[in-house]
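Visitor: I should like to take a close look at a single part of this structure. May I first see the sequence and the model?

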Amino acid sequence: MKMLWKIYDVSLIFIIVAVFLCGMVASYSWILALLGLAAVIAFAAAKYQYYKRKKEKLLFQIRTVSEELDFEQGKAFEKLCVACAAVEKNGSIIWLNDSFAQAFGVDEACCEMNIAGLLKKSSIDKLLEGKGYHLRVDNKYFSVYSSPVHLEQEELYLLYFFDETDLRLTEKAYRDSRPSIMLTVVDNANEIYENFKESDCAAIFSRTEQMIEEWVSSYGGLCRKYSNVRMLIFIEEKGLQAMIHDKFSILDKIREQTFEGKNTDLTLSVGVGNEQNIIESNSSARQALDMAQSRGGDQVAVKMGTQYQFYGGVSEGHEKKNKVRTRLIAKTMSEIISDSDNVLIMGHRFSDFDSFGSAVGMYKIVSHFGKRAQIVVNAKSSLASPLLERFCELAGHDAVLSPEKAHDRAGENTLLIVVDTHKKDFTECPELIDQAGKLMVIDHHRKSVDFIENTVMFYHMPNSSSTSEMVTEIAQYVDTKPVLDQFAALALFSGIMLDTRNFIIRAGVRTFEAAAYLRSRGANTVECKKLFSNDMEVFRNRNTIIDSAEEYRGCALSAAQGDMENIRLVTSQAADEMLNIEGVKASFVLYRSGTTANISARSYGEINVQLIMESMGGGGHQTMSACQLENTDLDSARAALKKAIDDYFSNL
């Protein structure tokens, strides 16, 4: 048995020094030298007896356990196949058995070692708790248990190290080989058929298929095509993690491919299901693919349990030119409205011109079918006050409900139409969603994980410029007769102007077609521009925010200090204005409301502010997003924002 004696440490040093001093004193007085030597011998004898008793106590404890286990006395722990060591409370090793020495490659020389250093741990408190502690030392894995050994004035601990290396390696091999399912689809196949000859289309899709197959094969996966634009992929966990580490580089390769010198503009959406079995993985892959496409495509959505992870999504979504789906939506919507007793229309909190404008458009559509409609809005916090006031003058104050009064109007056959948001917590009255008998959502923001479920209709177009554009298209197909009057056309036009920033951002062919239709219905551009007019105080506050902006990695960052009237309106306008600064690709304005730090983000599309805001718990669009950080001051919010910007660029 390897008993490690403390007498070799501090005590031994003390004795050597004392003997040396006695030798020096002997030249002056033999009597003093003899007395000192006697004291040293007495000290050494006392230390020897102390550690001898300590050794006997430990041996007694070990032998007692040995006898209970019916092992040969004194040999049980020394020859035990489980690695064992006796340590003091501070971690000093005083005994170890053969298995411990072999497991950790040590011998008697570790008598001067602390077990924390041997195990490469800063503390051994968890090891001494005795509840079982999982430990990794180099390439070995152990489960460590402990039991106290009580001596006279000290307490020792016997540590048992159970080697789990083989078990862990087997577990890792199982996890690495667990299959996941991936579903891929080419986002804009219709545009390829429209812009290229049939033979060229076949060549483009064939090369795209080959690129995907080579990419999947490099990670040990298997893929099968089940249509020209869709593929089913089986991939093991090890390969999936490698793809994630590589940030799904296939997205960039597909996006950048050309045909005969012409950019194909192809993008790919991928849904990944990573569950416990194939059936669940397939279901999750379908949901993930739907989520990826609902967020604009050109990205990968990985679903594990209830959690989503997103990769890519750096490009703008492609506008869908075909309006067949809109016609079908309009027809179905007409039937749902006709079958309802009453209709409530609700947008997001702090409603802007797009939120309230699209609500006004839906109000006219519902009224066209003879159903009573009311808009749920908080007039005090609305950012579209000029539009709201004019609506109340024309339609009457009964056409508008406060969130507090809306509860009384919701019944089993009440249809609640949510516009310009698909997140329950963002609505004017989240409780109303649970009270209404039927739910309908119309929104253009990229889909978030916490979307409103159990709807009779979920009309979501992330490639649309605004919800007002979507409602304008619906209004053209619900009936052959005109549905919108002059004011409704003005309200919808203002919503499109806001979200496109005067037809600069995300304005596609369908956007201008919708604007042309609204113009034909009486929307006046001058009157619309007047709705966006500001008083002098708003103008001054906006300029103050812009003056205090700082440049950070091609972004303009600023914060609104102190209390400002209409602070949400001021900060959103300041964020828009800062994009006019040369070299600025995105702008962020921070402001405080109560204990919450708010961030308003804008860009021209080169930087995807949605991804930055999503990483901070917010969301929105590629060019217009926001987030809220509860119980956060502006300095902390600014630091968190800079970190999110850094992470965004590092993930590109």
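Visitor: Which exposed residues does the face of helix 24 turned away from its buried side carry? Please describe this helix and its surroundings closely.

Guide: The model shown is a predicted one. The face of helix 24 that is turned away from its buried side carries the exposed residues Asp635 and Lys643.

Let us consider the length of the helix. Helix 24 comprises the 17 residues 634–650, which at 1.5 Å a residue should span 24 Å. The C-alpha atoms at its ends are 24 Å apart, and so the model agrees with this expectation.

At the start of helix 24, a side-chain oxygen of aspartate 633 comes to within 3.2 Å of the backbone nitrogen of aspartate 635.

We may now turn to the buried side. Buried in helix 24 are Leu634, Ala637, Arg638, Leu641, Ala644, Ile645 and Tyr648. Because these residues cover an arc of only 120 degrees around the axis, they lie on the same side of helix 24.

What do these residues pack against? The partners of the buried residues of helix 24 include a helix, namely helix 23 (609–614). The strands they pack against are strand 21 (550–552), strand 22 (555–559), strand 23 (586–593), strand 24 (596–603) and strand 26 (624–629).

Technical notes
Residues are numbered from 1 along each chain as its sequence is written. This is a predicted model: local features need pLDDT of at least 70, side-chain atom pairs count only at pLDDT 80 or more; totals for chains, interfaces and linings use all residues. Side-chain values use heavy atoms; hydrogens and water are left out. Helices (H or I, at least four residues) and strands (E, at least two) are DSSP runs, numbered from the N terminus. The expected span of a helix is 1.5 Å times one less than its number of residues. Buried means under 20% relative accessible area, exposed over 50%, partly exposed in between (1.4 Å probe, protein chains only). The arc is that of the directions from the helix axis to the C-beta atoms. Contact means heavy atoms within 4.5 Å. A polar contact is a pair of N or O atoms within 3.5 Å; within protein, one must be able to donate a hydrogen and the other to accept it, and residues adjacent in sequence count only if both atoms are side-chain atoms.
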